[in-house]
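Trainee: I would like to learn how to read charged pairs in a protein model. Could you take me through them slowly?

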Amino acid sequence: MIAGASPGGPLQQFEDVRKRARRLEADIDGKLVAYNRVSVSQGAKGGTESDVESGEQTGDSFTTSLASELESLLAQLSETHQDMGRCVKDLAAGEGARQSHVLQRHRELLHEYEKEFRKIKANIKEQRERDDLLHSVRKDIGEYKSAASARTDPLLRERGAATNSIKTADQVLESAQTTFDALRNQRQLYSSIGSKLSAFRARLPTIDSLVGRIQRRKKFESIVLAIVLATCAKSFSTSPSCADGG
């Protein structure tokens, strides 16, 4: 008698083993769906490198556990098919042939399960290798950037110092240009004032001459007036009327 089978004829034993096979098939089908979902999620994951590494650490244990469960279920289903084969041998010729076709369909389904399992497992392995390669490339790029930054930092500091020096020189030159413009404007103003003073000084002799002539004219007129007054006074004092009155 087959282990785990209920007592009864060969046909009853075959049906009992077939029920066990169906339960295993249902479990395998659900596990394969979950296993394929893991493969798809790993292929579509993104984000930062730390997020990817965290996701890999969390998902690897689940993926490994799921793969182990599927391997165990597939092995149990294969053993169940062997039990079904032994039951078929105990059946009558006609019934045995009919159940042999049933067993063949179950074995074909097992073959499809095993094929799908190997395909998903290969996809996950390929994705993991690609992630490892990507992680390695990112690490190399990070190390190269760090080394390049260490080499270029002094150059950047020197460049910044040179840029600041150029800015300072530009400010000094701009201030000097402003001062030069102010001095030039003052020079032009002083030149204009000097020209006006020179013109004024050139006119001073004419003014001095005119004033001198006026002063001489006034002095002459004063002398003439004094002479006239003196003559009049003398004439008045020597006139007959003045002598009689004395």
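This is a predicted model: local features need pLDDT of at least 70, side-chain atom pairs count only at pLDDT 80 or more; totals for chains, interfaces and linings use all residues.

Trainee: How many salt bridges does a search of the whole structure find?

Mentor: The general idea is that side chains of opposite charge can pair when their charged atoms come close. In this structure, the search finds 6 salt bridges, and one of them joins the side chains of D83 and R20, with N and O 3.1 Å apart. Because D83 lies in helix α2 (residues 49-90) and R20 in helix α1 (residues 10-44), this pair ties together parts that are 63 residues apart in sequence.

Trainee: Is D83 buried or exposed?

Mentor: D83 counts as buried, because its relative accessibility is 12% and the cut-off for buried is under 20%. R20, at 21% relative accessibility, counts as partly exposed.

Trainee: With which other residue does D83 form a salt bridge?

Mentor: D83 also pairs with R86, where the closest N and O atoms are 2.1 Å apart, and both residues lie in helix α2, 3 residues apart, about one turn of the helix. R86 is partly exposed, with a relative accessible area of 43%.

Trainee: Which residues form a nonpolar patch on the surface?

Mentor: The patch is formed by L133, V137 and I141, which together have about 260 Å² of accessible area. I141 lies in helix α3 (residues 93-237), and at 43% relative accessibility I141 counts as partly exposed.

Terms used
Residues are numbered from 1 along each chain as its sequence is written. Side-chain values use heavy atoms; hydrogens and water are left out. Patches are made of residues with over 30% relative accessible area and no salt bridge: like charges are joined within 9 Å, nonpolar side chains (Val, Leu, Ile, Met, Phe, Trp, Tyr) within 5 Å. Accessible areas come from the Shrake-Rupley method with a 1.4 Å probe; for residues, only the protein chains shown count as cover. A salt bridge is a side-chain nitrogen of Lys or Arg within 4 Å of a carboxyl oxygen of Asp or Glu. Helices (H or I, at least four residues) and strands (E, at least two) are DSSP runs, numbered from the N terminus. Buried means under 20% relative accessible area, exposed over 50%, partly exposed in between (1.4 Å probe, protein chains only).
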